[in-house]
Each structure stands twice: as C-alpha cells, then as structure tokens.
Amino acid sequence: VSPSAFREAWDRAVRSGNLASEKMVHMAVVNNCHTHVCSALRSASVARQPAVASLLGWNIVALGATMFVHGRWIPQRGRCFRAWCCLWALLVVTCLILGQSPLTLIAPRL
C-alpha cells in the first residue's frame, strides 16, 4: 500500500469515526474518546491487527490492552497500571458488597 493510499484510507476511517461519534453523549467510562478511536479503527480495516483486536474486534478493552502492551510513549507503565488496578479492584469489591453492577455506580440512570 502506498503512503498516499494509506493516508486517504486513514482519513476516511477517521471521518467515519467522527460521524459515528458526533451524536453520542460523552460519558466518562462508557462512551469516551477511546470509543471514538475504536470506531475509527474498525472503519480502517487494517490488514495486520494485534492479537487482542483480532479476537475481540476493536473495542475499549482491546484498545487498552494494545496500548498497555505495545505503547512505548507511556512513561513508567507499571506505576500507572498499579494505580488504576487498585481503583478498579476497589470498585469491583464495592459492587460485590452492594450487589450492583459497576456501571450503575459509575454512570447512574438519569
């Protein structure tokens, strides 16, 4: 694939992601910038995908796992993971104690 063809295909995918995300309500965990990126990646039809994206398709989990494993721009990756891991563990324990879904605690019904 030539660089110009790749750029054109990528621009089309980003525009498609923009159209899919422009009318969505932005929520902290459910619909956010990562959802927008996943929408663009699904539209891009990349020939070579990471293993997680091949199994799950492009979603927030696959994007996060790919960024965590392959991302070189994140300084001190282990420290960031430990901080977020503790927060998510606390959320899961709280949900188990209260008997509620994590989404009802994060994004209550309006």
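## Helices and overall make-up

Helices (H or I, at least four residues) and strands (E, at least two) are DSSP runs, numbered from the N terminus. By that definition threonine 94 is found in helix α5, which covers residues 77–98, and the protein holds six helices and zero strands, giving the pattern α-α-α-α-α-α when read along the sequence.

This is a predicted model, in which local features need pLDDT of at least 70 and side-chain atom pairs count only at pLDDT 80 or more, while totals for chains, interfaces and linings use all residues. Residues are numbered from 1 along each chain as its sequence is written, and side-chain values use heavy atoms, with hydrogens and water left out.

## Confidence

The predictor's confidence in each residue is given as pLDDT, on a scale from 0 to 100. The protein averages a pLDDT of 77, and 76% of the residues score at least 70. Confidence is highest in helix α1 (residues 3–21), at a mean of 87, and lowest in helix α6 (residues 102–106), at 60. Where pLDDT is low, the predicted coordinates should not be read in detail.

## Surface and contacts

A residue is called buried under 20% relative accessible area, exposed over 50% and partly exposed in between (1.4 Å probe, protein chains only). Of the 110 residues of the protein, 16% count as buried. The accessible surface, computed by the Shrake-Rupley method with a 1.4 Å probe, where for residues only the protein chains shown count as cover, comes to about 8,600 Å², and 67% of that surface belongs to carbon and sulfur atoms.

Contact means heavy atoms within 4.5 Å. Among the contacts with a separation of 6 or more, 32% are accounted for by residues 24 or more positions apart.

Helix α2 (residues 33–44) has twelve residues and reaches 17 Å from its first C-alpha to its last, close to the 16 Å expected at 1.5 Å a residue, where the expected span is 1.5 Å times one less than the number of residues. Its buried residues are Thr35, Cys38, Ser39, Ala40, Leu41 and Ala44, and what covers them includes α1 and α4 (60–70). Serine 39, at 9% relative accessibility, counts as buried, and, leaving aside its neighbours within four places in sequence, serine 39 is in contact with Ser16, Gly17, Ala20 and Ser21.

At the start of α2, a side-chain oxygen of asparagine 32 reaches to within 3.0 Å of the backbone nitrogen of histidine 34. Histidine 26 is found in the loop between α1 and α2, where histidine 26 is exposed, with a relative accessible area of 60%. Apart from neighbours within four places in sequence, histidine 26 is in contact with Asn31, Asn32 and Cys33.

## The nonpolar core

A nonpolar core is a set of buried Ala, Val, Leu, Ile, Met, Phe, Trp, Tyr and Cys residues joined through side-chain atoms within 4.5 Å. The largest one here has five residues in all, namely Cys38, Leu41, Ala53, Trp58 and Leu63. Setting aside neighbours within four places in sequence, leucine 41 is in contact with Trp10, Trp58 and Leu63.

Threonine 66 is found in helix α4 and is buried, with a relative accessible area of 14%. Beyond its neighbours within four places in sequence, threonine 66 is in contact with Pro50, Trp58 and Gly71. Threonine 94, in helix α5, is partly exposed, with a relative accessible area of 29%, and the side chain of threonine 94 reaches the backbone oxygen of leucine 90 at 2.8 Å.

Conventions: Polar contact = N/O pair within 3.5 Å; in protein donor to acceptor, adjacent residues only side chain to side chain.
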